[in-house]
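Dear colleague,

Please find the structure below, handed over for your records. My findings follow it.

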Amino acid sequence: QVQLVESGGGLVQAGGSLRLSCTASRSIFSFNLMGWYRQAPGKQREFVATITPGGRTNYAESLKGRFTISADNAKNTIYLQMNSLKPEDTAVYYCNARNMPTMITYNYWGQGTQVTVSS
């Protein structure tokens, strides 16, 4: 079974930083894409950032410059560095891994980690 284990969430003041980690149960090169999504209270899940096995990144436009996604293949881990946090960033952050071998897309999700930013 594919497992994604997240860590790094917590409570921070506005302007602070957090680094989230997501460790997969297999090589991250076995996935076509990995990334982060978040869900704020009362809202739907939204895209944050993705990274390819080759290191190409994509970000939600509103988060560019504050959030950085990275990967460490040796540790089967991706990260999300979050700087200059705002109360609006408060959400449950989910790690995602996607595999598209042919005509079927497989999506795997972590359990989520709570990020709370106080004002």
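What is the torsion about the S-S bond of Cys22 and Cys95, and is the disulfide left-handed or right-handed? The torsion is about -80 degrees, so the disulfide is left-handed. Cys22 belongs to strand 3 (residues 18-24) and Cys95 to strand 9 (residues 91-99), so the bond ties together parts that are 73 residues apart in sequence. Strands here are DSSP runs of E of at least two residues, as helices are runs of H or I of at least four, both numbered from the N terminus. The structure holds one disulfide (a pair of cysteine sulfur atoms within 2.5 Å), with an S to S distance of 2.0 Å. Both cysteines, Cys22 and Cys95, are buried (under 20% relative accessible area, with exposed over 50% and partly exposed in between; 1.4 Å probe, protein chains only).

This is a predicted model, in which local features need pLDDT of at least 70 and side-chain atom pairs pLDDT 80 or more, while totals for chains, interfaces and linings use all residues. Residues are numbered from 1 along each chain as its sequence is written, and side-chain values use heavy atoms, leaving out hydrogens and water.

Turning to Arg45, this residue sits in the loop between strand 4 (33-39) and strand 5 (46-51). Arg45 is partly exposed, at 46% relative accessible area. Leaving aside residues up to four places away in sequence, Arg45 touches Tyr37, Arg38, Gln39 and Trp109 (contact meaning heavy atoms within 4.5 Å).

Finally, Tyr106 lies in strand 10 (residues 106-109) and is partly exposed, with 38% relative accessibility.

With kind regards
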